[in-house]
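Take a look at the model below. The text after it walks through the fold, from overall make-up to single residues.

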Amino acid sequence: MHKLTKIKTRNYTVVNGDCLDYLGQIPDNSIDLILTDPPYNIAQYSTGNINLPGRSALNNDLAEWDLIPIDPFDLLPDFKRIIKPDGNIFVFTSYNLIGKWHEAFDSEFDTFQFFIWHKTNPAPKIFKNGFLNSCEMIACMWNKGHKWNFSDQRNMHNFFESPICMKPERLSAPKHPSQKPVRLLEHIVSIASGRIPKIDDCRMVAIVFFCNACIVAV
Ligand SMILES: C[S@@+](CC[C@H](N)C(=O)[O-])C[C@H]1O[C@@H](n2cnc3c(N)ncnc32)[C@H](O)[C@@H]1O
């Protein structure tokens, strides 16, 4: 990948480049929230795009970047090093990797939980031969005394419903199959940063990895 480039504003810095290179440069105990969307490594199981009669083929997520293997054990030392003792880690992942995240991280943190994003408008199962893929998993890790904004019992289910990104939120250039809705990200940040994020009062330090850029909000 190309050299790291940075865009700085008053509230945040966007670092563009290989996030694994940048990870090593982040100071110890400096991050309140790691929110990351690494490749799910599901393309290896795909049987290819689905041809539909009289319509364009259904994209079955065959992205090249998804074929690069992600090993949670490789990320553990740096994640542990940079996260503050009261910080939180949220990792989007999939059925095939959730056990690996658990294996690597569970014994290193007091709590390991999973959270589900339920998509209210998933791609239809045209041939009605299985469940719709309407859920995404997020692995969550923290230690005792972590920053936490527990609003109320109804709101704190490990489950959030929202549509997948649609226009105008959905970017068309570059188009990305895994773009996450801002509403979902706001929900996670407002719980796990211990404060309701406001643009002008953003002293939280968060990193968002594996999103073609790494965002560090200060
Ligand atoms: C599951 S997708 C997440 C996409 C993200 N939600 C977005 O809307 O941009 C994983 C992304 O990580 C990127 N990626 C993979 N390895 C990377 C690396 N070492 N550094 C930076 N990005 C990487 C891939 O190109 C892909 O865009």
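What follows starts with the overall picture and then turns to the core, the helices, a hairpin and some backbone details.

This is a predicted model, in which local features need pLDDT of at least 70, side-chain atom pairs count only at pLDDT 80 or more, and totals for chains, interfaces and linings use all residues. Residues are numbered from 1 along each chain as its sequence is written.

The pLDDT is the predictor's confidence in each residue, from 0 to 100. The protein averages a pLDDT of 86. At least 70 is the score of 87% of the residues. Residues 198-203 fall below 50, and this stretch has 4 contacts in the model beyond near neighbours in sequence. Where pLDDT is low, the predicted coordinates should not be read in detail.

The secondary structure comes to 4 helices and 11 strands. Helices (H or I, at least four residues) and strands (E, at least two) are DSSP runs, numbered from the N terminus. The protein has 218 residues, and 23% of them count as buried. A residue is buried if 20 or more other C-beta atoms lie within 10 Å of its own, exposed if 12 or fewer, and partly exposed in between; C-beta atoms are placed from the backbone. Two residues are in contact if their C-beta atoms, placed from the backbone, lie within 7 Å. Take the contacts between residues at least 6 apart in sequence: 65% join residues at least 24 apart.

Now the core. A nonpolar core is a set of buried Ala, Val, Leu, Ile, Met, Phe, Trp, Tyr and Cys residues joined through C-beta atoms within 7 Å. The largest one here has 28 residues. Those with the most contacts inside it are Ile34, Ile89, Phe90, Val91, Ile138, Cys140 and Ile188. Several elements each supply at least two residues of this core: strand 3 (31-36), helix 2 (72-82), strand 6 (83-93), helix 3 (98-105), strand 7 (111-119), strand 8 (135-142) and helix 4 (182-192).

Ile89 sits in strand 6. Ile89 counts as buried because 23 C-beta neighbours lie inside 10 Å. Leaving out residues up to four places away in sequence, Ile89 touches Ile34, Phe79, Ile83, Cys140, Met141 and Trp142. Ile89 and Cys140 are 51 residues apart in sequence, yet 5.6 Å apart in space, C-alpha to C-alpha. With neighbours within four places set aside, Cys140 is in contact with Asn88, Ile89, Phe90, Gln113, Phe114 and Phe115. Phe115 has 21 other C-beta atoms within 10 Å, so it is buried. Beyond four places in sequence, Phe115 contacts Ile138, Cys140 and Asn158. Phe115 and Phe159 are 44 residues apart in sequence and 5.6 Å apart in space, C-alpha to C-alpha.

Next, two helices. Which residues of helix 2 are buried? They are Pro72, Leu75, Phe79 and Ile82. Strand 3, strand 6 and helix 3 are among what covers them. On the other side of helix 2, Phe73, Asp74 and Pro77 are exposed.

In helix 4 the buried residues include Leu184, Ile188, Val189, Ile191 and Ala192. They cover an arc of only 165° around the axis, so they lie on the same side of helix 4. The face turned away from that buried side carries the exposed residues Val182 and Glu186. An α-helix has 3.6 residues a turn, so residues three or four places apart point the same way.

Strand 1 (residues 5-8) and strand 2 (residues 12-16) run antiparallel and are joined by 4 bridges. Two strands pair if DSSP finds at least two bridges between them. The two form a hairpin with 3 residues between them. Lys6 has Val15 in strand 2 as its bridge partner.

Some backbone details remain. The peptide bond from Lys167 to Pro168 is cis, with omega near 5°. Pro168 lies in the loop between strand 9 (159-162) and helix 4. Asn29 has a positive phi of about 50° although it is not a glycine. Asn29 is in the loop between helix 1 (19-23) and strand 3. Asn29 counts as exposed because it has 11 C-beta neighbours inside 10 Å. Asn41 also has a positive phi, of about 55°. Asn41 is in the loop between strand 3 and strand 4 (50-52). With 18 other C-beta atoms within 10 Å, Asn41 is partly exposed.

Conventions
Arc of directions from axis to C-beta.
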